[in-house]
Amino acid sequence: MPDISTKPYLLRAIYEWCTDSGYTPYLAVKVDAATTVPMEYVKKGEIILNISYGATSGLKMDNDAITFRARFNGVSRELYIPVHNVLAIYANENGQGMAFDVTTTAADLPPSTPEPVAAPAPGLAAVPAKTSEVSHVPDDDDEPPKKGGRPTLTRIK
């Protein structure tokens with residue numbers, strides 16, 4: 001079993017420390033083919049991203065990648081950053097955080113091959129009904145729902 005990287009855990013810890021301390025967490029990322037970021041903001045193969053709660057939507061920091069939505073020039077974009085490509089995470093206000101050595105990026109890594117999965121055991125399946133016995137009775141309830149009034153809760157026992 002390969003060793004589990006500490007990098008994603010450290011990224012989450014520094015992010016939590018920044019937010020708990022009232023600081024703005026920033027992420028420095030090495031951009032390559034495996035990274036999905038707005039390329040017009042990439043400088044010298046790197047991008048700096050504000051990953052604070054107010055700047056992102058749906059932030060998810062997994063062991064393999066960091067994904068979220070953010071607005072760039074008023075346009076919402078989906079971002080995908082492999083953990084391998086993270087150069088640093090730090091508080092913008094004081095620069096405290098952690099830097100990482102990125103010698104190989106996610107695009108340089110060989111694609112992982114999933115382990116073969118055994119075929120599922122045979123199970124139960126629905127038997128289709130005979131088409132001659134199935135009949136569709138149209139609803140004669142063409143009356144639109146009533147509007148206005150207070151909503152009510154119906155208790156069903």
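**Helix, loop and rings**

A: Just after α1, G22 takes a positive phi of about 85°. Before we go on: this is a predicted model, where local features need pLDDT of at least 70 and side-chain atom pairs count only at pLDDT 80 or more, while totals for chains, interfaces and linings use all residues. Numbering runs from 1 along each chain as its sequence is written, and side-chain values use heavy atoms, with hydrogens and water left out.

Q: How many residues does α1 have, and how far does it reach?
A: Helix α1 covers residues 7-21, so 15 residues, and spans 21 Å from its first C-alpha to its last, close to the 21 Å expected at 1.5 Å a residue. Helices here are DSSP runs of H or I with at least four residues, strands are E runs of at least two, and both are numbered from the N terminus. The expected span is 1.5 Å times one less than the number of residues.

Q: Which residues in α1 are buried?
A: K7, P8, L11, I14, Y15 and C18. Buried means under 20% relative accessible area, exposed over 50%, and partly exposed in between, with a 1.4 Å probe and protein chains only. Down the axis of α1, the buried residues fall within an arc of 130°, so they line one face of the helix. That arc uses the directions from the helix axis to the C-beta atoms.

Q: What covers them?
A: The cover includes β1 (25-30), β3 (56-61), β4 (65-72), β6 (86-91) and β7 (97-99).

Q: Switching to T24: where does T24 lie, and is T24 buried or exposed?
A: T24 is in the loop between α1 and β1, and T24 is buried at a relative accessible area of 18%.

Q: What does its side chain make a polar contact with?
A: The side chain of E93, at 2.7 Å. A polar contact is a pair of N or O atoms within 3.5 Å; within protein, one must be able to donate a hydrogen and the other to accept it, and residues adjacent in sequence count only if both atoms are side-chain atoms.

Q: Rings next. How are Y41 and F72 paired?
A: Y41 and F72 form a tilted aromatic pair, 5.3 Å centre to centre with 40° between the planes. Rings of Phe, Tyr and Trp (its six-membered ring) pair if their centres lie within 6.5 Å; planes under 30 degrees apart are stacked, over 60 edge-to-face, the rest tilted. F72 is buried, at 13%.

Notes. Contact = heavy atoms within 4.5 Å.
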